[in-house]
Every structure is written in C-alpha cells, then in structure tokens.
Amino acid sequence: TRLQSWLKTAGTGYYQALALGVTDVGGCDWLTMGPCESDAVNGYSTAAYHADMVSFVASWLADFPGTRIIWRTLQHIDTALALQADQDKINAAILAGAGSTHGQATGDVSGVYLSEVRSVPAFPGNQLHWVTDQQAGDVGGIMATADYMALNPAVATGGAPIIGSAIVRGRVA
C-alpha cells in the first residue's frame, strides 16, 4: 500500500483499523511501519513521502503518545517495477525522517527510529517481498535489533539490556 493510504484522513480505514486493534490490546510501546514499495512504483517524490510520514506520525503520537515508531527502509526492488531514482527518493524521505543510524531516532521526525533492511534483497520473481525462510529470518533479525534498540536505548550506549521482560501483545511487560 501507499503511505498516503495509512493517513488518518485518507478515508481508507487503515489507520482507524490499526488504531482500534492497538486500543483493543491496551496500547503499544512500538509500531513498525514500512509502507513504501507502491510509493516508489508510482514515482512519489521525496517531499511528498516525507510530508505523509510527518502527518502519519503526528496523528499516531497524538492518539498514542510515547509510541516509538520503527520505520523500515525500502529494499532494492526490480528497476522494471520502480526506477532506481524513485526508490532512492523514498529512502531519502525515510532517512530524513528516521535518521541514518539503525535502531536510533536521529532524523527530523520525533519518535521515528530507523530499521535499515536494504542489505536483504527481495526475492527474484517477486521483487516487492521477502518470501523465503532465509529472507524472513534475515529481515526479522534486522528489524528485531532496531525494535530492541528503540525500546532500550541504553543498549546503544553500553547500558544494561532489558532483563526478565516479556513481549506481551505488543507491549513490554
């Protein structure tokens, strides 16, 4: 889907369904986002994607204050589907918003942490997705590291890791 489809004002119901699910489980400490393939395929500009990111984050943090939003980069996809320049535009917007340091929020959109997944290419023949067990494991490990760093920033500076905690329905218990 396009990022624009996830905006609270989009009329698609995606934002509302996500918010309802999060409300049903009592909130969330982090939200992983990664809509971007369709934006690259459609030639969306860096400025437009960044503006949509800012809008989504502002709405989400107004509704769920304190949530850490982990935003994954767009992996390299077949240039027959999206020109490399269009893929680069989306990643430039993501890096401006989240920053360029994996697992940290160093960009210009407060509360957005980077999940850098571009080292895992999409599956040949299905250029938008990771479909093998190996790909899922690789991407899952990269994203889990970003999630862990966002939830426990002391790790990035040599602090103590989370000990004796459990992830329960999207919340750290």
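## Overview

Of the protein's 173 residues, 39% count as buried. Buried means under 20% relative accessible area, exposed means over 50%, and partly exposed lies in between, using a 1.4 Å probe and protein chains only. This is a predicted model, in which local features need pLDDT of at least 70 and side-chain atom pairs count only at pLDDT 80 or more, while totals for chains, interfaces and linings use all residues. Residues are numbered from 1 along each chain as its sequence is written, and side-chain values use heavy atoms, with hydrogens and water left out.

The accessible surface comes to about 8200 Å². Carbon and sulfur atoms hold 58% of that surface. Accessible areas come from the Shrake-Rupley method with a 1.4 Å probe; for residues, only the protein chains shown count as cover.

## Elements and contacts

The protein has 5 helices and 5 strands. Helices (H or I, at least four residues) and strands (E, at least two) are DSSP runs, numbered from the N terminus. From the N terminus on, the order is α-β-α-α-β-α-β-α-β-β.

Take the contacts between residues at least 6 apart in sequence: 62% of them join residues at least 24 apart. A contact means heavy atoms within 4.5 Å.

## The sheet

Three strands form an open sheet, in the order β1-β2-β3, with parallel pairing. Two strands pair if DSSP finds at least two bridges between them. The edge strands are β1 (30-33) and β3 (112-115), and each pairs on one side only. From one strand to the next, the twist averages 25 degrees.

β1 and β2 pair in the parallel sense over 4 bridges. M33 has W71 in β2 as its bridge partner. Helix α4 (residues 84-98) packs on the sheet and touches β2 and β3. The direction of α4 makes about 130 degrees with that of β3. Helix α5 (residues 133-151) lies across β1, β2 and β3, and runs at about 155 degrees to β2. Axes are lines fitted to C-alpha atoms, for helices over the stretch in contact, and angles run from 0 to 180 degrees between N-to-C directions.

## Salt bridges

Side chains of opposite charge can pair when their charged atoms come close. The structure holds 4 salt bridges. Each is a side-chain nitrogen of Lys or Arg within 4 Å of a carboxyl oxygen of Asp or Glu. One of them joins R2 and D39, at 3.1 Å from N to O. R2 lies in the segment before α1 (14-24) and D39 in helix α2 (residues 37-41), so this pair ties together parts 37 residues apart in sequence. R2 is partly exposed at 24% relative accessibility, whereas D39 is buried at 0%.

Another salt bridge joins D63 and K8, at 2.8 Å from N to O. D63 lies in helix α3 (residues 46-63) and K8 in the segment before α1, so the pair ties together parts 55 residues apart in sequence. D63 is partly exposed at 33%, and K8 is partly exposed at 36%.

E37 forms a salt bridge with R72, the closest N and O atoms being 2.8 Å apart. E37 lies in helix α2 and R72 in strand β2 (residues 68-72), so the pair ties together parts 35 residues apart in sequence. E37 is buried at 12%, and R72 is buried at 11%.

## Around L7

L7 sits in the segment before α1. At 9% relative accessibility, L7 is buried. Leaving out residues up to four places away in sequence, L7 touches Y15, D52, S55 and F56. The C-alpha atoms of L7 and S59 are separated by 8.0 Å, with the two residues 52 apart along the chain.
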